[in-house]
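Me: I have a protein model open and want a quick tour. Can you take me through it?

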Amino acid sequence: RQCKRHVAPRARLGTRDYLLRSAHLGELRDSSELSQRLTSKGHLRAASRLRARLWADGYLFVRGLLPADSVRAAQLSLLSQMRILGLSDGQGKACSSQEQHAPNLCSPEVLAVLNHPDL
């Protein structure tokens, strides 16, 4: 008798895959301070560090860049999908689902943030 090997679900965002419930998927690194330096004297160094961070992480998180209501709608959309798939309790806490489902990261709310004109 063979045991079913559990494979944690993955989610794709852009060209990167993320393993859900992974130690590597947690709070986003905030790049706000670096982005504010783009208008200062050390702007070339800040730009270089931002490019390196984008390459390493696959994203740049800059607080206040986009309207809070759009970001909140995207967050609620993802939490709702994760709750439906049994990956979350709806409050952002992970559940231990054995299913191999991943949330749709291309919901209209998420795409509105990803394609925002301020980006």
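Reply: Along the sequence, the pattern is β-β-α-α-α-α. Helices (H or I, at least four residues) and strands (E, at least two) are DSSP runs, numbered from the N terminus. This is a predicted model, where local features need pLDDT of at least 70, side-chain atom pairs count only at pLDDT 80 or more, and totals for chains, interfaces and linings use all residues. Residues are numbered from 1 along each chain as its sequence is written, and side-chain values use heavy atoms, with hydrogens and water left out.

Me: How many helices and strands does the protein have?
Reply: Four helices and two strands.

Me: What pLDDT does the protein average?
Reply: The average is 76, and 66% of the residues score at least 70. pLDDT is the predictor's confidence in each residue, from 0 to 100.

Me: Where does pLDDT stay under 50?
Reply: Over residues 1-5. There the model has zero contacts beyond four places in sequence. Contact means heavy atoms within 4.5 Å.

Me: What share of the residues is buried?
Reply: Buried residues make up 23% of the 119 residues. Buried means under 20% relative accessible area, exposed over 50%, and partly exposed in between (1.4 Å probe, protein chains only).

Me: Now helix H2. What is its span?
Reply: H2 covers residues 43-57, and its end C-alpha atoms are 21 Å apart. That agrees with the 21 Å that its 15 residues should span at 1.5 Å a residue. The expected span is 1.5 Å times one less than the number of residues.

Me: Which residues of H2 are buried?
Reply: Ala-46, Ala-47, Leu-50, Arg-53 and Asp-57. Seen down the axis of H2, they fall within an arc of 125°, so they line one face of the helix. The arc is that of the directions from the helix axis to the C-beta atoms.

Me: And which exposed residues are on the face turned away?
Reply: Leu-44, Arg-45, Arg-51, Trp-55 and Ala-56. Just after H2, Gly-58 takes a positive phi of about 85°.

Me: What touches Leu-50 and Arg-53 from elsewhere?
Reply: Ser-31 is in contact with both of them. Leaving aside neighbours within four places in sequence, Ser-31 also contacts Leu-60, Phe-61 and Val-62. Ser-31 is found in the loop between strand E2 (16-19) and helix H1 (32-36).

Me: Why does Ser-31 count as buried?
Reply: Because its relative accessibility is 0%.

Me: Switching to H3. Which residues of H3 are buried?
Reply: Ala-74, Ser-77, Leu-79 and Gln-81. The buried residues of H3 pack against H4. Just after H3, Gly-86 takes a positive phi of about 80°.

Me: Where is Ser-107?
Reply: In the loop between helix H3 (68-84) and helix H4 (108-114). Ser-107 counts as buried because its relative accessibility is 6%.

Me: What does Ser-107 touch?
Reply: Ser-77 and Gln-81, not counting residues up to four places away in sequence. The side chains of Ser-107 and Ser-77 make a polar contact (2.8 Å). A polar contact is a pair of N or O atoms within 3.5 Å; within protein, one must be able to donate a hydrogen and the other to accept it, and residues adjacent in sequence count only if both atoms are side-chain atoms.

Me: Last one: is Leu-111 buried or partly exposed?
Reply: Partly exposed, at 33% relative accessibility. Leu-111 is found in helix H4. Leu-111 and Ala-74 are 37 residues apart in sequence, and 8.1 Å apart in space, C-alpha to C-alpha.
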